Amino acid sequence: MSAAMDTESTYSGYSHYSGHSKKAHRQGRDRHKSPRSKDGSRSEKSVTIQTPPAEPLLGNDASRAEEGQDDNWGETTTAITGTSEHSISQEDIARISKDLEDSVGLDCKRYLGLTVAAVLGLLVFLTPIAFILLPQILWRDDLEPCGTVCEGLFISMAFKLLILLIGTWALFFRQPKADIPRVFVFRALLLVLIFLFVFSYWLFYGVRILDSKDTNYQGIVQYAVSLVDALLFIHYLAIVLLELRQLQPMFTVKVVRSTDGESRYYSLGHLSIQRAALVVLENYYKDFTVYNPALLTASKSRAAKHMAGLKVYNVDGPGNNASGQSRAMIAAAARRRDSSHNELYYEEADHERRVKKRRARLVVAVEEAFTHIKRLQAEEQQKAPGEMMDPREAAQAIFPSMARALQKYLRTTRQQQYHSMESILQHLSFCITNNMTPKAFLERYLNPGPTLQYDRDRWFSKQWTLVSEEAVTSGLQDGIVFVLKCLDFSLVVNVKKIPFIKLSEEFIDPKSHKFVLRLQSETSV
């Protein structure tokens with residue numbers, strides 16, 4: 001009987017949970033449907049769902065918590081959990097599937113463009129050779145003999161084709177650094193120009209040489225050489241449009257990170273918006289300090305604490321008309337809480353004091369550890385070669401003496417999520433191998449470095465979203481603002497044109513610097 005009661009209670013609890021989950025799901029669907037009912041098309045355009053990358057992103061606490069680290073190293077691991085207020089419907093799942101299909105389509109588009117360029121390049125290199133071989137195959141007996149000039153043209157065309165091949169490999173066959181949303185306009189125009197050029201040469205060759213079976217073989221070879229010369233000039237044009245045009249600085253861009261306001265300035269030439277975005281991202285990874293969301297939590301918690309500390313009480317009752325007195329009391333309470341800047345000042349001063357104290361302890365601990373390493377090296381020089389310790393073993397031997405001081409310093413400066421114990425050991429063994437000083441070892445930890453300094457699984461984002469009011473294929477102009485969005489933050493880019501500088505010259509007559517010094521013999525007493 002007790003088992004039956006337990007079963008019944010379990011079933012009733014399950015039915016209650018199911019009803020509650022269905023109700024929450026229904027409310028979530030209504031909440032998702034309500035904005036779409038007003039303007040469905042606009043909602044579809046404004047919502048973007050990005051699939052998470054395979055590698056963990058910066059600020060992903062769940063992935064960091066799952067990393068296998070030593071228990072003694074992660075003593076203060078904090079897990080942040082929360083209750084989700086959103087639900088997902090079948091329409092959302094269908095939209096996610098559509099986004100996945102679109103991403104697959106972008107990859108197909110990229111490989112299709114590479115395939116078209118490769119086929120066109122192969123056609124360009126085979127066309128001059130075909131111009132020379134076809135008469136030899138079709139009407140060889142009717143051709144005039146090739147003299148010395150004709151044979152010299154063979155050598156000239158061979159070397160020109162070799163130069164064209166090397167130049168094309170150096171200019172076009174590079175590993176792509178990024179996937180851009182739109183086609184590169186100048187490269188597409190060059191491909192169209194080359195296609196029209198080769199097509200016109202084939203058309204003229206078919207009408208004037210193949211149909212009439214021209215017997216002047218030297219003229220045919222000279223016609224093929226002229227094609228190679230024209231292709232070399234097109235290659236020079238590609239160098240000017242793709243490489244040289246952007247070298248002269250014309251614009252200054254200011255890049256601001258939206259979360260902490262860190263900014264940098266860069267000079268750019270004539271570039272499209274999407275190519276300027278690529279240059280900004282390349283400089284971001286080496287110039288900006290790594291994004292640390294833990295530094296922003298202190299200010300947010302402080303603001304939330306002050307907002308929560310302000311309480312309003314209805315002391316007059318619901319039927320009293322003394323509203324002016326209540327407003328005066330609220331204003332007085334607000335003035336009393338206006339002294340929060342003192343609290344901020346003392347908090348920052350206390351934090352700086354703790355950072356300096358733990359930094360001094362860390363510096364002393366590292367110097368003592370490196371002194372111990374030098375003593376071990378002096379002792380091992382007297383041992384046999386087979387008994388000497390490698391740098392990895394030496395790093396593991398001295399790491400416990402500095403581990404606690406380093407751990408406390410990283411926790412105080414909120415950098416512990418970017419430095420695992422394995423990465424610190426690798427850096428320590430690297431410093432020991434290259435005979436580096438304690439100051440060189442501590443440089444990575446005392447000051448936050450650029451993003452490229454840290455492991456990719458802690459900062460790298462595969463996908464950036466370019467948001468611009470202008471077309472991304474249009475060139476940079478004065479006053480243009482575009483945004484590069486990532487999962488955790490965004491980069492706001494403001495473009496300003498470099499002003500025209502008028503420099504004048506002023507001539508100074510050399511004789512104007514001459515003067516006469518007259519000395520008097522009489523002096524005052």
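## Helix packing and a buried alanine

Helix H6 (residues 185–210) packs against helix H7 (residues 217–244) at an angle of about 170°, and the two axes lie 11 Å apart. Angles over 145 degrees count as roughly antiparallel. H6 and H7 are therefore roughly antiparallel to each other. The model described here is predicted.

On the H6 side, the residues that make the contact include Phe186, Arg187, Leu190, Phe197 and Tyr201. On the H7 side, they include Ile220, Tyr223, Ser226, Leu227 and Ala230. Sorted by class, the contact of H6 with H7 has 19 nonpolar residues, one polar residue and one charged residue.

The UniProt record, an unreviewed entry, carries the annotation "transmembrane region" for residues 111–133, 153–172, 184–204 and 224–244.

| Span | Helix content | Strand content | Distance between end C-alpha atoms |
|---|---|---|---|
| Residues 111–133 | 100% helix | 0% strand | 32 Å |
| Residues 184–204 | 95% helix | 0% strand | 31 Å |

Another part of the chain is helix H11 (residues 340–380), which contains Ala365. Is Ala365 buried or exposed? Its relative accessible area is 12%. Buried means under 20% relative accessible area, so Ala365 is buried.

Which residues does Ala365 touch, leaving aside its neighbours within four places in sequence? Ala365 is in contact with Ser401, Met402 and Ala405. For Ala365 and Phe399, the separation is 34 residues in sequence and 10.0 Å in space, taken from C-alpha to C-alpha.

Technical notes. Residues are numbered from 1 along each chain as its sequence is written. This is a predicted model: local features need pLDDT of at least 70, side-chain atom pairs count only at pLDDT 80 or more; totals for chains, interfaces and linings use all residues. Side-chain values use heavy atoms; hydrogens and water are left out. UniProt positions are given in the numbering used here, feature names are shortened, and annotations may be inferred rather than shown by experiment. Helices (H or I, at least four residues) and strands (E, at least two) are DSSP runs, numbered from the N terminus. Axes are lines fitted to C-alpha atoms, for helices over the stretch in contact, and angles run from 0 to 180 degrees between N-to-C directions. Angles under 35 degrees count as roughly parallel, over 145 as roughly antiparallel, 65 to 115 as roughly perpendicular and the rest as oblique. Contact means heavy atoms within 4.5 Å. Ala, Val, Leu, Ile, Met, Phe, Trp, Tyr, Cys and Pro count as nonpolar, Asp, Glu, Lys and Arg as charged, and the others, Gly among them, as polar. Buried means under 20% relative accessible area, exposed over 50%, partly exposed in between (1.4 Å probe, protein chains only).
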